[in-house]
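Here are a few exercises to work through with the model open beside you. Try each task before you read its solution.

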Amino acid sequence: MMLLPCPWCGPRTATEFRFVGEARPRPDPATATPEQWRHYLYVHANPCGWSTETWYHRAGCRRYLSVERHTLTHEIRAVRDAATGTTAEAAP
Amino acid sequence: MSEQTAVARSPIAPAAPTVRHGWEVDATVTVGPLTLSDETPLAKVSVRAPFDGAARRALGVRYGRTGRVDLGGEGVLIAGAGPGEWLVLGAPGTGAALVASLEELLAGTGEFTSVLDLTHGRALVRLEGAAAPRVLAGVCAIDLADAVTPDGTALRTSVAAVVTDVVRDDRAGVRSYLLHGERSSGQYLADSLLEAGAGAGLEVTGFRGLG
């Protein structure tokens with residue numbers, strides 16, 4: 001079982017979350033070319049190592065989280081709220 | 001022509017239906033040590049506001065905890081089951097009055113808040129008894145030990161694969177959990193709990209209220 005340490009809810013099983021994808025900056029819709037959009041939507045780095053990802057805690061706090069996860073070992077070294085930057089230490 | 005009265009129905013079918021407080025409820029009374037009761041008739045009001053602002057201070061309940069307060073002359077249970085989300089439970093038929101009281105309470109906070117009566121859109125059951133943690137542990141991955149989830153804990157998690165607010169609300173020192181979820185999942189949730197508790201002697205009992 002893989003545990004994700006949610007900054008709001010504490011450690012929860014990964015089945016409570018939805019994997020959104022690799023976290024990366026969204027291109028500016030006003031200036032991005034179709035090629036840039038295609039690259040943003042469909043081309044992923046998929047590293048074997050540390051990756052910054054977005055996860056959605058659908059069965060808990062319903063917040064989007066930014067997670068630094070090692071894709072080979074599933075070790076997690078940092079989790080914060082993607083919108084507010086709240087970490088486990090700062091959560092109420 | 002006979003006079004007709006509207007009756008609200010829970011999503012959980014009662015074994016022995018009777019009408020109380022304008023709701024069809026189960027007339028079954030069980031005195032066993034481990035019971036499951038359908039508490040759907042309780043008024044259920046959702047409040048959303050910034051998780052740690054003036055609204056939270058006005059409600060007096062922080063995220064992850066519960067509190068019993070007097071609101072508009074009614075005793076209610078407030079559960080902070082999500083960051084910036086509160087569930088307010090009151091006596092049957094008080095939903096509109098609760099909404100009015102909460103709106104009045106939050107009006108002076110200056111924050112963007114929303115108050116919504118969810119009574120007829122949600123299901124609510126109470127699992128009570130010393131063996132309740134053992135039953136719940138069969139369908140839920142949360143650590144239910146006193147040190148982790150003491151009395152007064154509110155959280156949202158997956159119960160039998162259904163997103164559920166779990167509120168620990170012990171009564172007279174006896175372990176008791178309120179489980180709140182979408183109306184469409186109510187019957188399934190109750191059936192799943194009864195199946196998980198069959199070996200522990202879980203029995204169905206009628207509506208009891210907040211107590």
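Chain B has 4 helices and 14 strands (DSSP runs numbered from the N terminus: helices are H or I with at least four residues, strands are E with at least two). This is a predicted model, where local features need pLDDT of at least 70 and side-chain atom pairs 80 or more, while totals for chains, interfaces and linings use all residues. Residues count from 1 along each chain as its sequence is written, while chains are lettered from A and ligands numbered from 1 in the order written.

**Exercise 1.** Work out the strand order of the open sheet of 6 strands in chain B.

*Solution.* Step one: the order reads β11-β12-β13-β10-β4-β14, with mixed pairing (strands pair if DSSP finds at least two bridges between them). Step two: check the edges, β11 (154-159) and β14 (203-205) of chain B, each of which pairs on one side only.

**Exercise 2.** Find how strands β10 and β13 of chain B are joined.

*Solution.* Start with β10 (residues 122-128) and β13 (residues 176-182) of chain B: they run antiparallel, joined by 7 bridges. Then pick out one partner: B:Ala123 bridges to B:Gly181 in β13(B).

**Exercise 3.** Count the residues of chain A in contact with chain B.

*Solution.* First, the count: 12 residues of chain A are in contact with 12 of chain B (contact puts C-beta atoms, placed from the backbone, within 7 Å). Next, sort the chain A side: 5 nonpolar, 3 polar and 4 charged (Ala, Val, Leu, Ile, Met, Phe, Trp, Tyr, Cys and Pro are nonpolar; Asp, Glu, Lys and Arg charged; the others, Gly among them, polar).

Methods:
Two residues are in contact if their C-beta atoms, placed from the backbone, lie within 7 Å.
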